[in-house]
Amino acid sequence: MTPTLAAINQRLNAVAEKIDAITKAPPQLIAVGKGFDAAMMRPALVAGQRHFGENRVQEAAAKWPQLKDEYPDCHLHLIGPLQTNKAEQAVRLFDTIHTVDRMRLARALDAAMTKINRRPACLIQVNLGEEQQKSGVAPQYLEAFIDQCRRETTLPIIGLMTIPPLNDLPACHFALLAKLARRYNLPELSMGMSGDFETAIAFGATMIRLGTAIFGPRNKP
Ligand SMILES: *Cc1c(COP(=O)(O)O)cnc(C)c1O
């Protein structure tokens, strides 16, 4: 085994053990590959990991088409902000899109899905901390946004996603996201990163997004 393969295997096993210790219904583990190249994805694929997250369409487009040919059962999640003009590219490349947050984007995704006859599952990103620099629907507009998506598009909306504010305790944000998802009848909860995934699981996360915990520290912030 190369050192990378051994290291990634070991981190995946450590994460799996922590998850097992908390819950009998493990969430989907999404390995976040942003900032790492295709060569770093291979050891995770060899170890059996199949769900991967990327936060930029361009980076994913450079990295994943060939890996997807080699591992047709791998599943790609878009977890970063999406520009409307990249909606079609995103629909071609990704299997789940976690960051639907405005009607213009919802309509562009809907049109792209109809055009190319491919319907990735969608989650709505909620900006629970109402942070200016973060994307996501503000909580007070969430109900109207979900209604409008359901009335005016055919997007397969399956859940909610959030990134809690850096300086808050994540638990209250995870609890609130879970409550909102129940209220609007959405089964999937994408919440929890390397630093807080155990808390997220305790509050019902069904998808956790781990980068550092699997691939190690990234160079870029
Ligand atoms: C980078 C990123 C992650 C993973 O972050 P880590 O702290 O490295 O686990 C999860 N979710 C989103 C939206 C990200 O951009």
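**Ground rules.** I worked with a predicted model, where local features need pLDDT of at least 70, side-chain atom pairs count only at pLDDT 80 or more, and totals for chains, interfaces and linings use all residues. I number residues from 1 along each chain as its sequence is written, and my side-chain values use heavy atoms, with hydrogens and water left out.

I looked up the shell and found 13 residues around the ligand, with Lys34, Ser194, Gly211, Thr212 and Arg218 coming nearest; a residue is near if one of its heavy atoms lies within 4 Å. I sorted the shell into six nonpolar, four polar and three charged residues, with Asp, Glu, Lys and Arg as charged, Ala, Val, Leu, Ile, Met, Phe, Trp, Tyr, Cys and Pro as nonpolar, and the others, Gly among them, as polar.

I found a polar side-chain atom of Ser194 2.5 Å from a ligand oxygen. For Lys34 I read 2.7 Å from a polar side-chain atom to an oxygen of the ligand. Arg218 has a side-chain N or O atom 2.8 Å from a ligand oxygen. I also noted that the ligand alone exposes 390 Å², of which the protein buries 91% (Shrake-Rupley method, 1.4 Å probe).

I placed His77 in strand S3, residues 75-78 (strands are DSSP E runs of at least two residues). Is His77 buried or exposed? His77 counts as buried because its relative accessibility is 1%, and buried means under 20% relative accessible area with a 1.4 Å probe, protein chains only. I then found a polar contact of 2.9 Å between the side chains of His77 and His98; such a contact is a pair of N or O atoms within 3.5 Å, and within protein one must be able to donate a hydrogen and the other to accept it, while residues adjacent in sequence count only if both atoms are side-chain atoms.

Conventions: Helix = DSSP H or I, 4+ residues; strand = E, 2+ residues; numbered from the N terminus. Buried < 20%, exposed > 50% of the residue type's maximum accessible area, 1.4 Å probe, protein only.
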